[in-house]
Amino acid sequence: AGVTITYTVSGSADSGIDYTSISESVSIPASTSSVDIDVASISDDMVEGDETVILTLTSTDYSRVSLGEDKEATVTITDDDMAEISVTASQDLAAENGSGSPTNGEYTISMTNPARADVTVDVTLGGTATNGTDYVNIASSATIPAGSTSTKIDLVVTEDDLVEGDETAILTISNPQPGGGLSRNLFSIPKATEEALVTITDDDTATLTLEATSTPAAEGDVNG
């Protein structure tokens, strides 16, 4: 008669997601000494790094067949996915609107593939507009959540009465910082897509007036 072997399956890979689900037992047919257990990987576009499938033998159903010292074996599933990160101005025109509500700008930070952990990038602001003065302060980092491919940053215009002309707010991303033990080398930011520009239109004008600041003067008197 054959022998049934039971085992557990663990590791960093997820059953049914990273590989086809494996049963928790297998039978070695009579007159044979081995059997194969296939680990069939499932292709996806998730940046997750290399992952493991660990099979650990736990018992047999035949008292004359015992478990040896080599009870555990590991299969590594190599990940072939990487991600490029970019930023665009999804709303590239903002404006002060006088007594009305300002029109805000918006940036979108995107990845070509999702990751199994959060990915944070550094954010710097340049241009002629001043962060925290011409628009509400934008933080120095932004995070794309695990499983997502984008996050948005609002540029909230600050209404004022200063005549300053149209101004620009240039947002630049750098230094990807993935969580979950993912390698930094799996993420890149192309030079051509590392910054995006929003223009803030100024609605303020000024009227210049001239008036006499003293009483009229007569000939022979002091100047007015």
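Helices (H or I, at least four residues) and strands (E, at least two) are DSSP runs, numbered from the N terminus. By this definition the protein chain contains zero helices and 13 strands, and its pattern along the sequence reads β-β-β-β-β-β-β-β-β-β-β-β-β. The radius of gyration (taken over C-alpha atoms) is 33 Å, well over the 17 Å that the globule rule gives for 224 residues, so the protein chain is more spread out than a compact globule. The globule rule is 2.2 Å times the number of residues to the power 0.38. Along the principal axes, the C-alpha atoms fill a box of roughly 135 × 30 × 25 Å.

The model is predicted: local features need pLDDT of at least 70 and side-chain atom pairs count only at pLDDT 80 or more, while totals for chains, interfaces and linings use all residues. Residues are numbered from 1 along each chain as its sequence is written, and side-chain values use heavy atoms, with hydrogens and water left out.

Buried residues (under 20% relative accessible area, with exposed being over 50% and partly exposed in between; 1.4 Å probe, protein chains only) make up 29% of the 224 residues of the protein chain. Contacts are defined by heavy atoms within 4.5 Å. Of those with a separation of 6 or more, 69% are between residues 24 or more positions apart.

Two strands pair if DSSP finds at least two bridges between them. Between β5 and β7 the pairing is antiparallel and runs over six bridges. Within this pair, Ser86 stands opposite Ser110 in β7.

A nonpolar core is a set of buried Ala, Val, Leu, Ile, Met, Phe, Trp, Tyr and Cys residues joined through side-chain atoms within 4.5 Å. The largest such core has 31 residues, of which Ile85, Tyr107, Ile109, Leu155, Ile173 and Phe187 touch the most other members. Strands that each supply at least two residues of this core include β5 (83-91), β7 (105-111) and β11 (167-178). Beyond its neighbours within four places in sequence, Ile85 has contacts that include Ile109, Val119, Ile173 and Phe187. A second, separate core of eleven residues includes Ile5, Tyr19, Ile22 and Val53.

Glu51, in strand β3 (residues 51-60), counts as buried at 6% relative accessibility.

Asn113 is placed in the loop between β7 and β8 and, at 16% relative accessibility, counts as buried. A polar atom of its side chain lies 2.7 Å from the backbone oxygen of Met82. Leaving out residues up to four places away in sequence, Asn113 touches Asp45, Val47, Met82, Ala83 and Thr149.

Glu194 lies in the loop between β12 (187-188) and β13 and counts as buried at 18% relative accessibility. Its side chain makes a polar contact of 3.1 Å with the side chain of Lys191. A polar contact is a pair of N or O atoms within 3.5 Å; within protein, one must be able to donate a hydrogen and the other to accept it, and residues adjacent in sequence count only if both atoms are side-chain atoms.
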